[in-house]
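Dear colleague,

I am passing on the structure we spoke about, together with my notes on its charged side chains and its surface. Please read the notes with the structure open beside them.

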Amino acid sequence: MSKGEKTRERLLEIAESSVLQKGFSNTSIDEIIAAADITKSGFFYHFRDKTELAKALILRYIANDDAVLDSIFVRARELSEDPLHAFLIGLKMFAEMMGAMEEAHPGCMVATVAYHDKQFNDEVRRLNAEGVMSWRARFHDILLEIAEAYPPKVDVDLEDLADMLSGIVEGGIILSRVLDDPKLLSRQIVLFRIQVKMMFLGV
């Protein structure tokens, strides 16, 4: 990674931390510059304006999310040829990863944009929606494969079930922060895992 790339990444790290803590409108370019210890021209070399920064934050967050989910669910599929068992393994790994966090999850950039969407332009909102849809598509594909091998024991819309995992994760992040309970999100994922097992196996 070049010096310029390291500087850009540092700016994004600082900005993400601030935005997740206090929102986009309350995060100033000046404070990011001060924390990164660079000049204002140095900041604008990497980001034309605050909107360009928001776009970069969303793209970075989604890419990191995808990398984390790939590392879990692709690995789980390698551990089992059975789609349901692989998904259950992946959910267990996901819960364990969240449970290993010493502090409550810092928050979700996608949710932050959704909560304050009037602060962002159409392109940022579109990228945000695409991030949400990528989660739906990922888990819907997995659930379709599972349903072919294990017809659901109850009438369930698999797209809604895929969205449910997103809802549990987002809601779990909020609850864990509000209640200062870092393990809460992990427990919610475990409960989703139990529900999936019951839906497809009946046990």
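In what follows, two residues are in contact when heavy atoms of theirs lie within 4.5 Å. Please keep in mind that this is a predicted model.

I begin with arginine 60, which is placed in helix 4, the run of residues 50–79. Leaving aside residues up to four places away in sequence, arginine 60 touches Glu9, Leu12, Glu13 and Glu16. Its side chain makes a polar contact of 2.8 Å with the side chain of glutamate 16, and a network of salt bridges links Arg60 with Glu9 and Glu16. Arginine 60 counts as buried because its relative accessibility is 14%, which falls under the 20% limit.

Side chains of opposite charge can pair when their charged atoms come close. The number of salt bridges in the model comes to 16, and I describe some of them here.

Arginine 77 and glutamate 145 join their side chains in a salt bridge, with a distance of 2.7 Å from N to O. Since arginine 77 belongs to helix 4 and glutamate 145 to helix 7 (residues 122–149), this pair ties together parts that are 68 residues apart in sequence. Arginine 77 is partly exposed, at a relative accessible area of 31%, and glutamate 145 is likewise classed as partly exposed, at 35%.

Aspartate 122 counts as exposed, with 58% relative accessibility, whereas arginine 125, at 29%, counts as partly exposed.

A further salt bridge brings together the side chains of arginine 187 and aspartate 181, again given as an N to O distance, of 2.7 Å. Arginine 187 has a relative accessible area of 43% and is therefore partly exposed.

Turning from charged to nonpolar side chains, I also found a nonpolar surface patch of about 510 Å², to which Tyr115, Ile174, Leu175, Val178 and Leu179 belong. Which helix gives the most to this patch? That is helix 8, spanning residues 158–178, which supplies 3 residues. Leucine 175 is one of the patch residues and lies in helix 8; with a relative accessible area of 41%, leucine 175 is partly exposed.

With kind regards

How values were computed: Residues are numbered from 1 along each chain as its sequence is written. This is a predicted model: local features need pLDDT of at least 70, side-chain atom pairs count only at pLDDT 80 or more; totals for chains, interfaces and linings use all residues. Side-chain values use heavy atoms; hydrogens and water are left out. Patches are made of residues with over 30% relative accessible area and no salt bridge: like charges are joined within 9 Å, nonpolar side chains (Val, Leu, Ile, Met, Phe, Trp, Tyr) within 5 Å. Accessible areas come from the Shrake-Rupley method with a 1.4 Å probe; for residues, only the protein chains shown count as cover. A salt bridge is a side-chain nitrogen of Lys or Arg within 4 Å of a carboxyl oxygen of Asp or Glu. Helices (H or I, at least four residues) and strands (E, at least two) are DSSP runs, numbered from the N terminus. Buried means under 20% relative accessible area, exposed over 50%, partly exposed in between (1.4 Å probe, protein chains only). A polar contact is a pair of N or O atoms within 3.5 Å; within protein, one must be able to donate a hydrogen and the other to accept it, and residues adjacent in sequence count only if both atoms are side-chain atoms.
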